[in-house]
Amino acid sequence: MSDPLDILQQSKVEFERAMLRNIKGLEYFSSPAPVMGASAKETLIARGPLRFYHYKPQVDDVYRVPVMLVMATTNRGYIFDLVPGQSFVEFLLLRGFDVFMVDWDAPRRDDRHLGIEDYVGDFLPQCVAKVAEVTGEDDISVLGYCFGGVLSILWASLYGGDNLKNLVTFTTPVNFDGMPLFQAWSDKRFFDVDRLVDTLGNCPAEMLYSSFDMLRPGGRIAGNIRLWDNMWNDEFVKSHRMFDRWSADMLPLAGEFFRQTTKQLMWDNGLMNRTMTVGDRSVDLSQITAPFLHVTAEHDHIVPAGASAPLIDMVGSNDKQAVVLKGGHVSLVAGGNAIKRLWPQIDQWLGDRST
């Protein structure tokens with residue numbers, strides 16, 4: 001038989017939580033969104049959709065080799081710089097890395113002509129050259145997240161040369177047949193990408209947001225239920241607001257870039273089939289010979305293992321390592337899971353190779 005005092009105590013706890021849910025629920029809807037991406041930085045390049053930042057060092061003793069983060073083209077880079085204590089950028093700075101970031105803004109109507117070759121053969125080389133100009137170092141470590149990783153491996157195979165000291169990719173797809181739901185909505189039998197781009201210019205953010213939402217149709221409802229259940233918990237609410245804001249803050253894609261990625265990657269699976277071209281150059285990932293770390297998430301619903309796992313064998317590096325960590329597509333790189341698992345591994349792996 002249950003102890004009446006235990007029942008009374010539990011009832012008191014539930015009553016207090018119910019009160020806090022209602023009080024804090026009103027605060028939730030009336031308070032401003034959390035400020036993210038606030039680490040001190042300088043904008044080095046603002047050109048078209050490209051935004052290139054250099055973060056202010058936070059320690060005196062800095063590794064020789066600078067680090068360049070490359071964000072996916074569909075999302076904003078502040079996932080790497082949430083808030084103090086939960087910022088990957090801050091973590092790297094405090095451990096002595098000189099940190100730069102390739103971030104993106106919404107392409108304008110007159111950016112619709114930008115293609116893969118503009119991102120890989122123009123934007124990224126300009127950023128790498130700017131790092132060398134600022135630091136005086138020719139060597140660079142590149143860390144790419146999701147499609148930022150795709151851009152990074154394309155750049156590395158075609159333009160990396162002797163400048164690329166280390167390469168790290170997180171949740172980066174190469175086998176696009178291994179992404180069945182994306183394959184379904186982009187099926188060439190039903191999806192007229194030429195008509196979309198020729199009519200609209202750029203691919204709308206709303207369309208991309210809907211496609212990601214379809215991967216977990218009940219996810220947003222379930223998330224709101226969890227939010228209400230935990231409205232009394234300030235830390236949970238803070239975390240929910242940060243990730244919810246970031247996931248909804250999607251960017252449109254430049255029209256020609258979207259057309260080319262749809263045809264070459266989604267339809268032709270060009271990286272896996274080794275038919276991918278950038279401009280008039282064929283992509284051969286075996287040309288990448290720098291030390292390589294490939295990290296995937298055990299529960300990634302956006303880039304499943306079948307889409308990302310083949311990359312490790314396609315890269316030609318002798319010093320290469322594939323790591324599978326607990327977490328999802330986002331929790332791998334940000335939040336409590338990332339703080340405990342991914343970040344320390346990056347610190348150790350890069351630290352050993354950045355002198």
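**An open mixed sheet and its buried surroundings**

In this predicted model, 8 strands form an open sheet with mixed pairing, and their order across the sheet is E1-E2-E4-E3-E5-E6-E9-E10. The edges are formed by strand E1 (41-47) and by E10, each of which pairs on one side only. From one strand to the next, the twist averages 15°. Within this arrangement, strand E2 (residues 50-55) and strand E4 (residues 99-104) are paired in the antiparallel sense over 5 bridges, and Phe 52 stands opposite Val 102 in E4.

Two helices that pack on the sheet can be described in terms of the strands they touch. Helix H3 (residues 116-135) touches E1, E2, strand E3 (67-70), E4 and strand E5 (140-145), and its direction makes about 145° with that of E1. Helix H14 touches E3, E5, E6, E9 and E10, and the direction of H14 makes about 165° with that of E6. In H14 (residues 342-351), 7 of the 10 residues are buried, so this helix is largely enclosed by the rest of the structure. The buried residues of H14 are Leu 342, Trp 343, Ile 346, Asp 347, Trp 349, Leu 350 and Gly 351.

Strand E9 (residues 292-297) is likewise largely enclosed by the rest of the structure, because 6 of its 6 residues are buried. In a regular strand, the side chains alternate between the two faces of the sheet. In E9, Phe 292, His 294 and Thr 296 point one way, while Leu 293, Val 295 and Ala 297 point the other way, and all of these residues are buried. On one hand, E9 pairs with strand E6 (residues 164-170) in the parallel sense over 4 bridges, with Val 295 in E9 as the bridge partner of Phe 170. On the other hand, E9 is joined by 6 bridges to strand E10 (residues 320-325), and these two strands also run parallel; here Phe 292 stands opposite Lys 320 in E10.

The largest nonpolar core has 99 residues, and those with the most contacts inside it are Met 68, Leu 69, Phe 80, Phe 88, Phe 170, Leu 271 and Ile 346. In soluble globular proteins, nonpolar side chains tend to be buried together. When residues up to four places away in sequence are not counted, Phe 170 touches Phe 80, Phe 88, Leu 143, Gly 144, Tyr 145, Cys 146, Val 295, Leu 332, Val 333, Leu 342 and Ile 346. Among these contacts of Phe 170 are its bridge partner Val 295 in E9 and two buried residues of H14, Leu 342 and Ile 346.

The side chain of Arg 259 makes polar contacts with the side chain of Asp 198 at 3.0 Å and with the side chain of Glu 256 at 3.1 Å. Leaving aside neighbours within four places in sequence, Arg 259 is in contact with Val 193, Asp 194, Val 197 and Asp 198.

Finally, the cysteines were considered. The structure holds 0 disulfides. Cys 127 is buried, with a relative accessible area of 0%, and Cys 146, for which the value is 13%, is buried as well.

How values were computed:
Residues are numbered from 1 along each chain as its sequence is written. This is a predicted model: local features need pLDDT of at least 70, side-chain atom pairs count only at pLDDT 80 or more; totals for chains, interfaces and linings use all residues. Side-chain values use heavy atoms; hydrogens and water are left out. Buried means under 20% relative accessible area, exposed over 50%, partly exposed in between (1.4 Å probe, protein chains only). A nonpolar core is a set of buried Ala, Val, Leu, Ile, Met, Phe, Trp, Tyr and Cys residues joined through side-chain atoms within 4.5 Å. Contact means heavy atoms within 4.5 Å. A polar contact is a pair of N or O atoms within 3.5 Å; within protein, one must be able to donate a hydrogen and the other to accept it, and residues adjacent in sequence count only if both atoms are side-chain atoms. Two strands pair if DSSP finds at least two bridges between them. Axes are lines fitted to C-alpha atoms, for helices over the stretch in contact, and angles run from 0 to 180 degrees between N-to-C directions. A disulfide is a pair of cysteine sulfur atoms within 2.5 Å.
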